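Trainee: I've got a model open and I'd like to learn how to read it feature by feature. Can you walk me through it?

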Amino acid sequence: MHKIFKTGLILGVIGLVAAALVWKFYVNKPHDDIEKLTPAYTMATEEIWKQYNADLKTSDSLYTGKVIELSGTLNRADKSDSLVYAVFVMEADSLFGDKSVRCEMLQKYNDETIAIAAGTAVKIKGFCTGFDGTDIKFNKCSIVK
């Protein structure tokens, strides 16, 4: 009985150590600082829009999960709770809502994004999360100066 208890205790300690290591290095790993990363691609919002609409599968494999620097004419900044989105409208649709490139800004850029006048040319860098059928979405976005 003593041998079974000792073996169980050793296996339990090994399991706890393994769980702690997984937590530290996988679950709780630090996130990349998107602002400081070099973009994998630099392109106009119209260009990425055309590519996604021409070939969704190829565009998804190229751009999703990558840091991309976009340039385009900002149509508006939307605010939802504490989130601010820079919106580049690609196709106006009054029935179902505009089709656009939507960039969720990092919180420290919220005020600056809201202050940008519609029709202003801007450069934004962010992490592409893909196309949802209506919008090409980016998050962790910053304004490039």
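Mentor: Let's start with a charged pair: Asp78 and Arg102 form a salt bridge, and their closest N and O atoms are 3.2 Å apart. A salt bridge here is a side-chain nitrogen of Lys or Arg within 4 Å of a carboxyl oxygen of Asp or Glu. Strands are DSSP runs of E with at least two residues, helices are runs of H or I with at least four, and both are numbered from the N terminus.

Mentor: Some ground rules: this is a predicted model, where local features need pLDDT of at least 70 and side-chain atom pairs count only at pLDDT 80 or more, while totals for chains, interfaces and linings use all residues. Residues are numbered from 1 along each chain as its sequence is written, and side-chain values use heavy atoms, with hydrogens and water left out.

Trainee: Which residues are linked with Asp78 and Arg102 in a network of salt bridges?

Mentor: Arg76 and Asp98 join them in that network. Arg102 counts as buried, at 18% relative accessibility. The cut-offs are under 20% relative accessible area for buried, over 50% for exposed and partly exposed in between, using a 1.4 Å probe and protein chains only.

Trainee: How many salt bridges does the structure hold?

Mentor: Six. Another of them pairs Lys108 with Glu35, the closest N and O atoms being 3.1 Å apart. Lys108 lies in the loop between β5 and α4 (110–115) and Glu35 in the loop between α1 and β1 (41–44), so this pair ties together parts 73 residues apart in sequence. Lys108 is exposed, with a relative accessible area of 60%, whereas Glu35 is partly exposed at 22%.

Mentor: Then look at Glu112 and Lys145, a salt bridge with its closest N and O atoms 3.2 Å apart. Glu112 is in helix α4 and Lys145 is in the segment after β7, so parts 33 residues apart in sequence are tied together. Lys145 is exposed, with a relative accessible area of 79%, and Glu112 is partly exposed at 30%.

Trainee: On to strands. How many bridges join β2 to β6?

Mentor: Seven, and the two strands, β2 (residues 67–73) and β6 (residues 121–131), run antiparallel. Strands count as paired if DSSP finds at least two bridges between them.

Trainee: Where is the residue with a positive phi in the hairpin of β6 and β7?

Mentor: In the turn: Gly133 has a phi of about 95°, and three residues lie between the strands. Compare the hairpin of β3 and β4, where two residues lie between the strands and Asp81 takes a positive phi near 55°. There β3 and strand β4 (residues 83–91) pair in the antiparallel sense over five bridges, and Asp78 stands opposite Tyr85.

Trainee: Is Ser100 buried or exposed?

Mentor: Buried, with a relative accessible area of 2%. Ser100 belongs to strand β5 (residues 99–105). Its side chain makes a polar contact with the side chain of Asp135, at 2.8 Å. That term means a pair of N or O atoms within 3.5 Å; within protein, one must be able to donate a hydrogen and the other to accept it, and residues adjacent in sequence count only if both atoms are side-chain atoms.

Trainee: And helices? Which residues of α2 are buried?

Mentor: The general idea is that an α-helix has 3.6 residues a turn, so residues three or four places apart point the same way. In helix α2 (residues 45–54), the buried residues are Thr45, Ile48, Trp49 and Tyr52. They cover an arc of only 105° around the axis, taken from the directions from the helix axis to the C-beta atoms, which puts them on the same side of α2. The face turned away from that buried side carries the exposed residues Lys50 and Ala54.
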